[in-house]
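I am keeping these notes as I go through the structure, one entry for each thing I looked up.

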Amino acid sequence: MSAAARPVRPDRETSLFRILVHTEIDIAAPPARCWEVLTDFAAYPQWNPMVKQASGELLAGKRLSLHYHPQGQKQRHFRPLLLTVESGRELRWQGQPGARFLVESEHSYVFTELSDGTTHLDHDMVFWGLLIPPFKGLIERTIREPFNEQNRALKLRAEVHQVRV
């Protein structure tokens, strides 16, 4: 999907105290199937290279329990607050990487159905706060490839494990 086709969201722009890590992928499966894979927390150990365990109730205002452990990085456990839960469309949460005003984050998965019934995934993370300027390079290096790996793994699972009628 071209950048021109996507609406510009001011909260996703990069500035001195804000960085956006944007990844995307097209998936040959409908958004409902992609959503099913993403929200099947019990299956994460089988396919997810970034989040090894996840649990929680998928309702805005609730917290998830996530064990983040991409290859080559230190394992972290965190409990993000769900902001948006729209089945087949968007999952968005506010993370807990640091202290308020110093480092905050928002992580989102947005599924867009393409004209052929397949899915375009925009997988983003926005960091903001006073400590962002000296850490922009580190954030970019440690986030982008694990996101791309997770996108590829989600794509594979959604495409290969579809129920055929």
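Which residue in β8 is the bridge partner of serine 108? I looked this up first, keeping in mind that I am working with a predicted model, and I found that serine 108 is paired with aspartate 124.

**Entry on the whole protein.** I then stepped back to the overall layout, and I noted three helices and eight strands, which follow one another from the N terminus in the order β-α-α-β-β-β-β-β-β-β-α. Of the 165 residues, 44% count as buried, and the protein exposes about 8900 Å², of which carbon and sulfur atoms supply 56%. I also looked at contacts between residues at least 6 apart in sequence, and 53% of these join residues at least 24 apart.

**Entry on strand β8.** I returned to β8, which covers residues 119-128, and checked how far it is covered: nine of its ten residues are buried, so the strand is largely enclosed by the rest of the structure. I followed its pairing with β7 and counted ten bridges between these antiparallel strands. Strand β1, residues 18-27, also pairs with β8 in the antiparallel sense, over ten bridges, and in that pairing isoleucine 25 stands opposite leucine 121. Five residues lie between the strands in the hairpin of β7 and β8, and there I noted that glycine 117 takes a positive phi near 90°.

**Entry on histidine 107.** I located histidine 107 in strand β7, which spans residues 104-113. Is this histidine 107 buried or exposed? Its relative accessibility is 4%, and because buried means under 20%, histidine 107 counts as buried. I looked next at its side chain, which makes a polar contact of 2.7 Å with the side chain of histidine 123. Leaving aside residues up to four places away in sequence, I listed what histidine 107 touches, and His123 is on the list together with Met50, Leu91, Arg92, Trp93, Asp124, Met125 and Phe147.

With a relative accessible area of 39%, phenylalanine 135 is partly exposed, whereas histidine 107 is buried.

Methods
Residues numbered from 1 in each chain as written. Predicted model: local features only at pLDDT ≥ 70, side-chain atom pairs only at ≥ 80, totals over all residues. Heavy atoms only, no water. Helix = DSSP H or I, 4+ residues; strand = E, 2+ residues; numbered from the N terminus. Buried < 20%, exposed > 50% of the residue type's maximum accessible area, 1.4 Å probe, protein only. Polar contact = N/O pair within 3.5 Å; in protein donor to acceptor, adjacent residues only side chain to side chain. Contact = heavy atoms within 4.5 Å. Pairing = 2+ DSSP bridges. Areas by Shrake-Rupley, 256 points an atom, 1.4 Å probe, with all protein chains shown as cover.
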